[in-house]
Amino acid sequence: MTVIEHPLRKYTRPHVKRTTTCPGCGNGIVAQAILRAIDELGLNMDDFVFVSGIGCSAWIPSPLFAADTLHTTHGRPVAFATGVKLGRPESYVMVASGDGDLTAIGGNHLIHAARRNIDITVVLVNNGIYGMTGGQTAPTTPRGLTTITSPYGTMEHALNISEMITAAGAPYVARWTTYHPRQLTRSIKKGIQKKGFALIEAVSQCPVQFGRASKIGKAVQMLQYFKDNSIRVDKAAGMSEQERQGKIIIGEFVDTEKVELSSQWVELSKQMMEEESCHVKS
Amino acid sequence: MSKESRLPPGTHFLMGNYALAEGAVAAGCTFVSGYPITPASEIVNRLSVLLPPLGGGFLQTEDEISAICSAIGASWAGAKAMTATSGPGISLMQENIGFAVATETPLVIVDVQRLGPSTGVPSVGMAGDVIQVARGSHGDYQIIALSPGSPQDMFDMIIRAFNLAETYRVPVFVIPEAFIGHMREQVVIPDVSQIQRVSRKLPAPGTDPMNRRDFQDPDVAPMPVFGRGFKAHVTSSCHDEHGMRNLSDPTIMHSFITRPIEKILKHRDDIVQVEAEYAPGDIVLVAYGSVFRSAKAAAQSARDQGLKVGTLQLKTIWPFAEDEISEMAQNAAHVIVLENNMGQLFPYIKAAAAQYCRVDFMGPKLLGQIHDPEDVLGFIKEKCA
């Protein structure tokens, strides 16, 4: 019998034979997009450190990816990743985590990492709900949705993550859905190559919690929903606020160059060490 | 003080916080993170100047949570890392101090203690965090905490803290009170060749953590730091000795908690340091930090007046010096515990000493004010008459 191995299997830990995600979860699509991006760039997994927080999507790299992986406390992966990058600027540092982890409990770290422009690639899986803990309202839950903790419909307004991180000054911001794996992969590649902070927001399906709460349905219906309700950013620009209501704006929001933090640290040290050695010689 | 480079070896007149900063770079520290807070700020102010020419840097974070997390991240990236704050910052850091314990991360945390609870008084010292540094994070664990009593101790103990952190792969606290942080006194900086520097052990090259023991060795597992191809798996969730998450096996849950504790207690003789100056039959004053200075002065006055009084200084607060205190109490006439709080360490000292002799507690007349040696002398005469 011939055993056919998944072409990305070489990037996962040999002893890890299954994941913790539910059937139909979008995590698999995002995990593949990350690994395919690394594969297409021809990079080595040993040049990466993957950092994640708490929540379903934090289990994308840990324990699956065959690389250095740091699975941290709730909300803090960006803060840990900042230390990893400054401690080892030559490594690629990637954060994979969810909307609750990175924008509710950990929102401040995300904003400040974007402001500092530290060279970290953040793949933020936005499923609009707390999946692991049983379907509670998230800052990204659409207003009016009935969830476990908003049984009469959530009264709060949803956060626009990509807009927030654009405002914080990140040089690369893009949003796609799991219906757009190729575009998602391309943006992750650009994020990895960007010398600076990159946010790739992946709107993803949680059929078990969000699909049920929204009555959209299972994975297939949710992907269909993403297809039907996604609008490219350039097209959305010409639309009224009312027309954009309930739509998912996809595409690249920012792609620019900006002085990065860890390289400035390296440069300053180099300069001061040279000055010191000149001083000692003279 | 020269602006950009470290102080040369020799005798200096230095503020405690500056002495600690000099000691940190002498120990090989290259990454420091922190958030401004009185009375600790001078430490990071000085290190932000000293670190770049040494190939490192200071990261001013958005809060103390980010400070501890980035220091842990830098440590896993291979740097000797430190964060410095005061009590309110420690309160914010507690969850991730537990992360450092659970992932066996070498790290130094400085808590320049101020008067509390809550925002309290920023610039007045108090030993109010003695229990919170040991028990503030949830779950069960052991911690190492050192208590400096002078600017010289600040220099010496921060070096020792880094060496203990690297030797045992643990977070180590240095907990001066604000008085010691802001005190200016003579500090002798030895020649570089006289300073012992310890660095963590790394595993032999290899790419599969399933073939290594990366965690939970009571004799300290080599640390698979990032970027060397070790493919380390690090999580603070319950994990086995390969670092792999396991939330179902009760024996792994047990060793996840017990082995890091065992690692510290097994080596307690190397870690615990006390300064004993007493003779059999003495009344012994037990103290630490700034209060020890009063205890020492009071003991001298008492001896000058013909009273038999000795001292025991706890230089290591955690792990607790239970054996040393029991040994002292066995031949003591009376033990008096002096603390600049309402008696945080007193129950522990009493538990170790009270079966041998009488044990009394003496706080300062006003909390936040160091004991007046005259008051201590009066207390000795009153209690032991």
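Started with chain A of this predicted model and went through its secondary structure: I count eleven helices and ten strands there. Then I checked how the chain packs overall. Its radius of gyration comes out at 20 Å, close to the 19 Å that the globule rule gives for 282 residues, so chain A is as compact as a globular protein of that length. I also looked up the extents: the C-alpha trace of chain A spans about 75 × 60 × 35 Å along its principal axes.

Next, burial and contacts in chain A. Of its 282 residues, 52% are buried. Among contacts with a separation of 6 or more, 68% are between residues 24 or more positions apart.

Moved on to chain B and its sheet. I traced an open sheet of seven strands, with mixed pairing and the order β3-β2-β4-β5-β9-β8-β15. Strands β3 (57-60) and β15 (316-318) of chain B are at the edges; each has a single partner strand, so one side of each has no neighbour in the sheet.

Zoomed in on the β15 end. In chain B, β8 (residues 144-146) and β15 run antiparallel and are joined by two bridges. In one entry I noted the residues: B:A145 has B:W318 in β15(B) as its bridge partner.

Last, confidence. Chain B has a mean pLDDT of 97, with 99% of its residues at 70 or more. Within chain B, helix α13 (residues 373-384) is lowest at a mean of 94, while strand β9 (residues 171-174) is highest at 99. For the model, I wrote down ipTM 0.97 and pTM 0.98.

Terms used:
Residues numbered from 1 in each chain as written. Chains lettered and ligands numbered in written order. Predicted model: local features only at pLDDT ≥ 70, side-chain atom pairs only at ≥ 80, totals over all residues. Pairing = 2+ DSSP bridges. Helix = DSSP H or I, 4+ residues; strand = E, 2+ residues; numbered from the N terminus. pLDDT = per-residue confidence, 0-100. Rg over C-alpha atoms; globule rule 2.2 N^0.38 Å. Buried ≥ 20, exposed ≤ 12 C-beta atoms within 10 Å, placed from the backbone. Contact = placed C-beta atoms within 7 Å.
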